[in-house]
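Hi everyone, thanks for making time. I have one structure to walk you through today, so let me put it on the screen.

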Amino acid sequence: MVVLSYLYVAVTERISEIRSAAERDRGDSPVPTAVIIVGLALVAIAVLAWASDLAFDFMSSNPSPDTDLPDPGNVPGAGG
């Protein structure tokens, strides 16, 4: 019976410690965390748009294989 009484007191004290610690240390509010996440998402979108624009410009600057081929009749050395 003494062991059960001891366990009851130990568990009760531990639960009260956990409750008081939870009330004391609540941490930051969720607002700064949400602001940071939104900021990171905006930066990611900006980087994605920049990289897409850069890739599109690169692909546009390369000549098309169909339009920039020389005329076979005007190639020097091609006797015919």
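Let's begin with E17 and R14, which form a salt bridge whose closest N and O atoms are 3.4 Å apart. Please keep in mind that this is a predicted model, so that distance of 3.4 Å is computed from predicted coordinates. The cut-off for a salt bridge here is 4 Å between the side-chain nitrogen and the carboxyl oxygen, so the pair qualifies.

Where do the two partners sit relative to each other along the helix? E17 and R14 are 3 residues apart in helix α1, so about one helical turn separates them.

And how accessible are they? E17 has a relative accessible area of 43%, so it is partly exposed. R14, at 49%, is also partly exposed. By the rule used here, the count of salt bridges comes to 1.

M1, V3, L4, Y6 and L7 form a nonpolar patch on the surface, and together they have about 650 Å² of accessible area. Take L7 as an example: its place is in helix α1, which covers residues 2-24. With a relative accessibility of 46%, L7 counts as partly exposed.

Finally, the whole chain. There are 2 helices and 0 strands. How much of the chain is buried? Of its 80 residues, buried ones make up 0%. The accessible surface of the chain comes to about 7600 Å², and carbon and sulfur atoms account for 68% of that.

That's my tour, and I'm happy to take questions.

Note on methods: Residues numbered from 1 in each chain as written. Predicted model: local features only at pLDDT ≥ 70, side-chain atom pairs only at ≥ 80, totals over all residues. Heavy atoms only, no water. Patch = residues over 30% accessible without salt bridge, like charges linked within 9 Å, V, L, I, M, F, W, Y side chains within 5 Å. Areas by Shrake-Rupley, 256 points an atom, 1.4 Å probe, with all protein chains shown as cover. Helix = DSSP H or I, 4+ residues; strand = E, 2+ residues; numbered from the N terminus. Buried < 20%, exposed > 50% of the residue type's maximum accessible area, 1.4 Å probe, protein only.
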